[in-house]
Structure formats: structure tokens, C-alpha cells
Amino acid sequence: MGIYTYICFLSALSILIGFITSKISDRIQSTIAISAAAMVGSLALLISGSLGWFSVENLATNVMQQIDFKSFLLNGILGFLLFAGALGIKIPILRDQKWEITVFALFSTLASTFFIGGLIYLAALLIALPIPFIYCVLFGALISPTDPIAVLAIIKNLRAPKRLSMQVEGESLFNDGVGLVIFVTIFTVAFSGQEPTLGGIFSLFLHEAIGGIAFGFALGIVAHYLISATDDGSMEILLTLTIPTAGFILANHLHVSGALAMVVSGIMVGNWTRTKGFSEQSQRYLDHFWEMIDHFLNSLLFLLIGLALLLITVSWQSLILLVLAIPICLLSRYVSLWIPYKVFSLYRTYNPYTLKIMTWGGLRGGLALAMALSIPGGVAMLGESGLDVRDVILVMTYAVVMFSILVQGVTIEKMIQEAKKVDPNKEDYLRPASRLVKHKQNDDLNAYLSK
């Protein structure tokens with residue numbers, strides 16, 4: 001059987017699990033249930049094979065290797081998922097949160113990368129597994145950005161307060177693009193075999209980041225004028241498909257950030273083109289179409305995340321790092337958010353659960369696994385242990401991803417319910433030195449929040 005056949009059966013399985021979950025309880029997020037079921041199934045295959053009951057884990061592992069999770073996500077469906085998520089970002093409230101989202105996406109992602117890298121480096125030394133610092137930072141780079149696919153799939157369904165929801169969703173979408181750029185930069189330094197220079201690293205980062213934003217802006221403009229030139233509702237929706245397909249692939253070929261390009265173009269189409277370019281009929285169908293695409297691909301992706309367990313090789317050293325990686329990642333995210341949050345709190349009052357929800361709701365997902373799987377095997381061996389750095393990083397990544405989906409994803413609801421009890425009209429204030437003065441909101445923002 002070919003890859004297409006496997007994808008068809010796995011897609012049907014993911015939809016079936018989601019259907020069964022919806023019949024059992026509407027409180028269980030389908031994406032969480034799909035990941036849990038796939039992980040339990042993977043464990044059952046591995047255990048049954050080791051006990052000699054029936055051995056199909058080799059077949060299952062071969063299927064996962066043929067699908068090539070990394071290429072399937074990073075060079076494939078990532079464009080669709082980011083574009084679909086960005087369509088829901090509203091510019092009035094994004095403008096209101098622009099400084100927070102910018103600082104969290106840039107400063108917090110970069111700070112978390114080095115916090116995690118430094119702590120993992122020290123932890124590895126304590127268990128006599130000296131991992132070169134550059135690979136520890138590489139792990140920090142791939143695990144620091146929260147996965148917008150996981151975040152949007154779970155946070156959106158819980159209906160968090162709108163300003164808080166936009167802060168979490170906007171930060172996740174942009175720190176995903178920034179995180180990919182940081183990962184590509186460090187990856188190039190680690191595996192290029194060339195002596196890195198500060199100028200070279202900075203130039204590579206700017207090319208990826210600024211190039212991706214500019215390319216996304218160009219895609220958005222082209223799509224807007226093409227959509228505005230037709231009144232055919234079906235054609236208008238079809239034209240949006242050209243962005244995450246040809247547009248995303250072209251961005252990757254130009255070596256600019258396809259992730260940032262999808263976010264920028266999605267925001268443009270979801271705000272500018274939605275009101276100025278689409279016919280009245282297409283405005284109604286746009287969200288429904290992309291929500292269906294988003295839900296289908298999310299279901300398949302979360303199934304593959306659970307099945308990725310079949311690709312992991314475990315040693316006793318990596319098991320120790322697996323346990324340590326989870327609190328290290330949570331602590332690093334909290335500290336990297338706390339620093340700018342305290343500065344912003346001098347000028348604005350937030351929902352009291354903001355920092356907790358942004359930390360605990362900073363879910364990791366398939367994006368981190370795809371980046372971990374992109375690390376070449378057999379290139380960097382860790383001293384006398386004979387361990388491959390790729391296997392160690394993959395074990396830690398899988399542990400953090402599954403913990404964030406199965407534990408954080410399940411327990412975040414209680415925090416969001418508590419946040420809802422806070423009056424949304426009291427969420428956002430400017431704070432001078434002497435007294436609180438309500439922040440003047442523009443008419444668009446007030447209208448959006450009152451919906």
C-alpha cells in the first residue's frame with residue numbers, strides 16, 4: 001500500500017475517534033481524545049510485540065516512517081492550519097494587543113530558547129551525559145514556541161474572554177513563525193559545518209523573518225485583488241486555497257518563513273478581503289469552509305502525534321531528561337512571560353489569570369515533533385554513551401508535547417472558567433502613577449467585544 005492509502009485510513013480513523021468521543025461526552029476535546037487513543041494504541045503495539053503476543057509494531061513503524069511526519073507537517077499541512085487560524089484574528093483587538101503579542105512572540109520565545117537550553121545542558125551534565133550546548137539550545141528553539149495548531153484547537157472551544165483569547169491565540173500564531181525562524185537559524189549553525197558569525201546569524205534570521213512577513217503581505221494583496229475581480233462565490237473560496245498551497249511552497253523555496261507568510265496573509269484576507277473583496281454569500285461560507293478544513297487536518301495531525309511514539313528510541317539517560325524536560329519547559333515559559341508581563345502591568349490591568357493561562361495554555365504539538373524529526377540522525381553522537389543526539393531530543397520533545405496536550409490541555413478549562421468570572425469590561429486599563437484610568441477603546445474594538 002502507498003502513502004495515500006495510509007493517509008486515507010488514518011484520516012478515517014481520526015474522524016471515527018472524534019465521532020465516538022462526541023457521543024461519549026461533549027466536554028472532552030476531540031483532539032485530546034485522538035492523541036490519547038493513538039498513544040495508548042502505540043503503547044499496546046510495542047508491549048504486545050515485546051511479549052511476543054503478536055508483532056505488528058514493525059509494520060506500524062514502517063507506516064509512520066513512510067508518511068514522513070516532518071515533511072507532512074512542515075512542508076505540507078502547516079500552511080493550511082496557520083492560514084485557517086489567522087483568518088479568525090480580528091485587527092481591532094489585535095491592534096489593542098499589538099505590543100504584548102510582539103514582545104511575547106519575539107522576546108519571550110528567544111528568552112525561553114536559551115533558558116531551556118541552559119537548564120537542559122546543566123541537567124545533562126548531572127547525569128554524565130555531556131550534550132554540546134548548541135544542541136541543548138536547538139531543543140530550546142523547537143520546544144519554546146507554543147503550537148498554534150494545538151492552542152487554537154483547544155483554547156478556542158473553551159471560549160475564553162475575548163481579549164485574553166486573542167492574546168493567547170495571537171502570541172501563539174506569531175511566536176510559531178518566530179520560533180521556526182530561530183530553529184532554522186540554530187539548526188544551520190549546528191549542522192552547516194561552518195564557523196558561525198554574529199553577522200551571519202543575524203542576516204539569516206532577518207532574511208527568514210522579514211522576508212516571510214513581506215512575502216505574506218504580497219500574497220495577501222494579490223489574493224485580495226483576484227477575489228475582488230470575481231463575483232463567483234465558489235471561485236472566491238477556491239482562490240483562498242492558493243495561499244496555503246502554492247504560496248506556502250513558494251515561500252519555502254525562497255527560503256523565507258512560510259509560517260509568518262501564512263499568518264500575515266490570513267490576517268489580511270480575514271479582515272480586509274472579508275469586508276472589501278468577498279461577495280455577501282462568500283462572507284458567510286468563508287469561515288465554515290476553513291473551519292471544516294482546520295478540523296479535519298487537526299484530527300489527522302493529533303492522531304499522528306500519538307503514533308509518533310513508534311519512532312522513539314529510549315535509554316535510561318533520556319528517560320531522566322524526559323522527566324526533567326517537562327518542569328524545565330514550564331518554568332522557562334513562565335519566567336520568559338513574567339518579565340515582560342510585569343513591565344506591561346505598570347501601564348495596563350489584565351485579567352488576573354492571564355499569566356497562568358498563557359503559561360499553562362502554552363501547548364506544544366506536532367510542530368515541535370516535526371522540528372525534532374528534522375534533526376539528522378547519526379550526525380552527533382554523545383561521547384561514550386553511544387546515544388544519538390536526535391534520539392535524546394526526540395524523547396524529550398515527545399514527553400513535553402504529550403504532557404502539554406493530555407495534562408495541560410485537559411486542566412486548562414478550570415483556569416479559563418475562573419477567568420470568565422472576571423468582568424471583561426474591567427480587563428483592560430491604562431495605569432498612570434496615581435490612579436487607574438480606563439483605556440479609551442476605539443469603536444471597532446468596543447463593537448467586537450460586545451458581540
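The legends below accompany several close-up views of one predicted model.

Residues are numbered from 1 along each chain as its sequence is written, and side-chain values rest on heavy atoms, with hydrogens and water left out. Because the model is predicted, local features need pLDDT of at least 70 and side-chain atom pairs count only at pLDDT 80 or more, whereas totals for chains, interfaces and linings use all residues.

**View 1. Helix H15 and its kink at Leu-324.** Helix H15 covers residues 316-344, where helices are DSSP runs of H or I with at least four residues, numbered from the N terminus. Its 29 residues reach 43 Å from the first C-alpha to the last, close to the 42 Å expected at 1.5 Å a residue, the expected span being 1.5 Å times one less than the number of residues. A kink of about 30° lies at Leu-324, shortly before the proline Pro-327; the bend at a residue is the angle between axes fitted to the seven residues ending there and the seven starting there.

**View 2. The packing of H15 against H18.** H15 and helix H18 (residues 389-420) pack with their axes 8 Å apart and at an angle of about 50°, axes being lines fitted to C-alpha atoms, for helices over the stretch in contact, with angles running from 0 to 180 degrees between N-to-C directions. The two helices are therefore oblique to each other, a term for angles that are not under 35 degrees (roughly parallel), over 145 (roughly antiparallel) or 65 to 115 (roughly perpendicular). Ile-393, found in H18, is buried at 2% relative accessibility (buried means under 20% relative accessible area, exposed over 50% and partly exposed in between, with a 1.4 Å probe and protein chains only). The C-alpha atoms of Ile-393 and Leu-321 are separated by 9.2 Å, although these residues are 72 apart along the chain.

View 3. Gln-317 lies in helix H15 and is buried, with a relative accessible area of 10%.

View 4. A kink of about 30° in H6 is centred on Phe-104. Just after H6, Ala-128 takes a positive phi of about 60°. Most residues other than glycine have a negative phi.

**View 5. His-255 in the loop between H12 and H13.** His-255 also has a positive phi of about 60° although it is not a glycine. The loop in which His-255 is found runs between helix H12 (243-253) and helix H13 (258-276), and His-255 is exposed, with a relative accessible area of 54%.

**View 6. The salt bridge between Arg-274 and Asp-287.** The side chains of Arg-274 and Asp-287 meet at 2.9 Å, N to O, in a salt bridge (a side-chain nitrogen of Lys or Arg within 4 Å of a carboxyl oxygen of Asp or Glu). Arg-274 lies in helix H13 and Asp-287 in helix H14 (residues 280-307), so the pair ties together parts that are 13 residues apart in sequence. Arg-274 counts as buried at 10% relative accessibility, whereas Asp-287, at 29%, counts as partly exposed.
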